[in-house]
Amino acid sequence: MLRFLYVIIMNLFRAPYMITRMRYEANHPEKFTEKQRYELNQHAVRIMCHTGKIKTVCYGKEHLPTEGGYIMYPNHQGKYDALAIIISHEKPCSLVMDIKKSNSILVREFVDLVQGKRLDKSNVRQAMTIIKEVANDVKAGKRYILFPEGGYDEFNHKNQVTDFKPGSFKSATMAKAPIVPVVLIDSYKVFNSFNMKPVTVQVRFLKPIRYEEYKTMKTMEIANIVKSRIEEEIMKCTL
């Protein structure tokens, strides 16, 4: 939280221009390509990282599918998670986010620039609509970030992974799309701690799980496999 406040204060002079520009591009997708809007988000994240002494290192880009849509399923540690993936993922991608956390200033602009989906966890019908919309987008070639833990503890579990919700994998099964497990290491140190020392976050894209590999599985089985692969990678990299 301390670093988050520091980043905001140190960038107050940029805020009016950046937020206005981000809001304008988000509101006029007919004037700006998906790539242009995505690159603006990446630019904003780089400014944030420079100010906040945040370094993000990425591994496994060679594992990402080169064609078609897919869904990335990362572990969830804090506010920096989606930003770490966006700055590491070269091609435009979108995300699904809790509606309660998606409408604050700057977060709203980030979500709207990538035309992200806002999920109301208390509304089953709306959640099912979002699942179908994501599946259709992925079928059409779009890439998404979807957090299967559903949220993160403000006081965090650090690099420990909590249970994955099987329902979060319905979009992938409906789209018959590759599932890309994504490992986040030390992301909680960015905005979920009171430390201001330089921090390095790891983003690791693991080998995708193709539809042919999981088509006979139930979503609970898929969730357990993805979770175990992420946990194994974290254990290997933090010993």
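What share of the contacts in the chain with a separation of 6 or more is accounted for by residues 24 or more positions apart?

## Overall fold

Such residues account for 76% of those contacts, a contact being heavy atoms within 4.5 Å. The model is predicted: local features need pLDDT of at least 70 and side-chain atom pairs pLDDT 80 or more, while totals for chains, interfaces and linings use all residues. Residues are numbered from 1 along each chain as its sequence is written, and side-chain values use heavy atoms, without hydrogens and water.

The chain has 10 helices and seven strands, defined as DSSP runs numbered from the N terminus (helices H or I, at least four residues; strands E, at least two). Its radius of gyration, taken over C-alpha atoms, is 17 Å, close to the 18 Å from the globule rule for 239 residues, so the chain is as compact as a globular protein of that length. That rule is 2.2 Å times the number of residues to the power 0.38.

## Burial

Of the 239 residues, 49% are buried, meaning under 20% relative accessible area (1.4 Å probe, protein chains only).

The whole structure holds one cavity of 30 Å³ or more. A cavity is a set of points on a 1 Å grid over the protein atoms alone where a 1.4 Å probe fits but cannot get out; lining residues have an atom within 4 Å of a point. The volume of the largest cavity is about 30 Å³, counted as the space filled by probe spheres set on the points, which are joined across faces, edges and corners.

Glu34, Arg37, Tyr38, Pro92, Cys93, Leu113 and Val114 line the largest cavity. Helix α3 (residues 34-52) provides the largest share of this lining, three residues.

Notes
1 Å grid on protein atoms, 1.4 Å probe; cavity = no way out; pocket = protein on both sides within 12 Å on 5 of 7 lines; lining within 4 Å. Buried < 20%, exposed > 50% of the residue type's maximum accessible area, 1.4 Å probe, protein only.
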